[in-house]
Amino acid sequence: SLKPGSWNIRQVYAPIRAVLDGKALSITNDYDFTDFAEKQLVLTYTCDGKEIHSEILNVALPPHGTMELPLTAQLPDSCRLGCFVNLTLTEKDGTELATRQFALPVPVEKQASGAPLQLTENKTHILAQGDGFCYAVSKLYGHVDSITVAGKEQLAEPMRWTVWRAP
C-alpha cells in the first residue's frame, strides 16, 4: 500500500529535473540512455484552480541534456488563489512518468476575511461555528461528531478512532 513517503520517492527517482527561472522552465533529462523524443511533455497552466492553457510538446532532449522551455501562456495581472504551471512527463500512451508544479509570478489579491470563528462549549461538545458551518468535537472522545454546512450534515456517522497494531 502507498505511504506518505511514496510520493517523495517517486519525485526522487523521476527521470526529469526542472527549475523555473523567470519566464522559462529549465528542463534536464536524467535518463542515461533514453532521449525524450520517445516521451511527451505536457504543460498545464492553472489560475485560481482553473485550467487556462495546456500544451503537449514533443522535444528531442538527449540523455543528460538540458533545455529552456519558454512559458507561452497569457497570464492574468492578478489572481485570488495563485497561478501555477504543471509539468508532466508521459509516455506516448499517456502513462505518467513524472510531474512537477511551479508557482508563477502573478500577484495574489488580498482576501477579505469573513465573520470571526465562534468557539462555544456545552457539557459534551466543543462547537466551532462560522458563516454557514458548525463543527462539533466530543469532549469525551476527542473526535469530530458532526460537521454541518449550510444546515446539512456532512458526516454519515461520527468519526471514530481506528487504531490497529500488528500482533
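Aspartate 30 and arginine 17 form a salt bridge, with 3.0 Å between the closest N and O atoms (a salt bridge being a side-chain nitrogen of Lys or Arg within 4 Å of a carboxyl oxygen of Asp or Glu). The pair links distant parts of the chain: arginine 17 lies in strand 1 (residues 16-21), aspartate 30 in the loop between strand 2 (24-29) and strand 3 (39-47), and the two are 13 residues apart. Helices (H or I, at least four residues) and strands (E, at least two) are DSSP runs, numbered from the N terminus. Aspartate 30 counts as partly exposed because its relative accessibility is 26%, and arginine 17 is also partly exposed, at 48%. Here buried means under 20% relative accessible area, exposed over 50%, and partly exposed in between, with a 1.4 Å probe and protein chains only.

The model is predicted: local features need pLDDT of at least 70, side-chain atom pairs count only at pLDDT 80 or more, and totals for chains, interfaces and linings use all residues. Residues are numbered from 1 along each chain as its sequence is written, and side-chain values use heavy atoms, with hydrogens and water left out.

The structure holds 5 salt bridges. Side chains of opposite charge can pair when their charged atoms come close. Another of these bridges joins lysine 39 to glutamate 91, with the closest N and O atoms 3.0 Å apart. This pair also links distant parts of the chain, with lysine 39 in strand 3 and glutamate 91 in strand 6 (residues 83-91), 52 residues apart. Lysine 39 counts as buried because its relative accessibility is 7%, whereas glutamate 91 is partly exposed at 25%. A further salt bridge is formed by the side chains of glutamate 157 and arginine 160, at 4.0 Å from N to O. Arginine 160 is exposed, with a relative accessible area of 61%.

Two strands pair if DSSP finds at least two bridges between them. Strand 2 pairs with strand 5 in the antiparallel sense over 5 bridges. Alanine 24 stands opposite proline 70 in strand 5.

A second open sheet has 4 strands in the order 4-3-6-7, again with antiparallel pairing. Its edge strands are strand 4 (50-57) and strand 7 (96-103), each of which pairs on one side only. The twist in this sheet averages 15° from one strand to the next.

Strand 3 is largely enclosed by the rest of the structure because 9 of its 9 residues are buried. Both of its faces are covered: Lys39, Leu41, Leu43, Tyr45 and Cys47 are buried on one side, and Gln40, Val42, Thr44 and Thr46 on the other. Strand 3 is joined to strand 6 by 9 bridges in an antiparallel arrangement, and threonine 46 stands opposite phenylalanine 84 in strand 6. Strand 3 also runs antiparallel to strand 4, with 7 bridges joining them; leucine 41 stands opposite leucine 57 in strand 4. The hairpin of strand 3 and strand 4 has 2 residues between the strands, and aspartate 48 takes a positive phi near 55° there.

Strand 6 pairs in turn with strand 7 in the antiparallel sense over 7 bridges. Threonine 88 stands opposite threonine 99 in strand 7. Asparagine 86, found in strand 6, counts as buried because its relative accessibility is 17%. The side chain of asparagine 86 makes a polar contact of 2.9 Å with the side chain of glutamine 101. A polar contact is a pair of N or O atoms within 3.5 Å; within protein, one must be able to donate a hydrogen and the other to accept it, and residues adjacent in sequence count only if both atoms are side-chain atoms. Arginine 100, in strand 7, is buried at 17% relative accessibility.

Note on methods:
Axes are lines fitted to C-alpha atoms, for helices over the stretch in contact, and angles run from 0 to 180 degrees between N-to-C directions.
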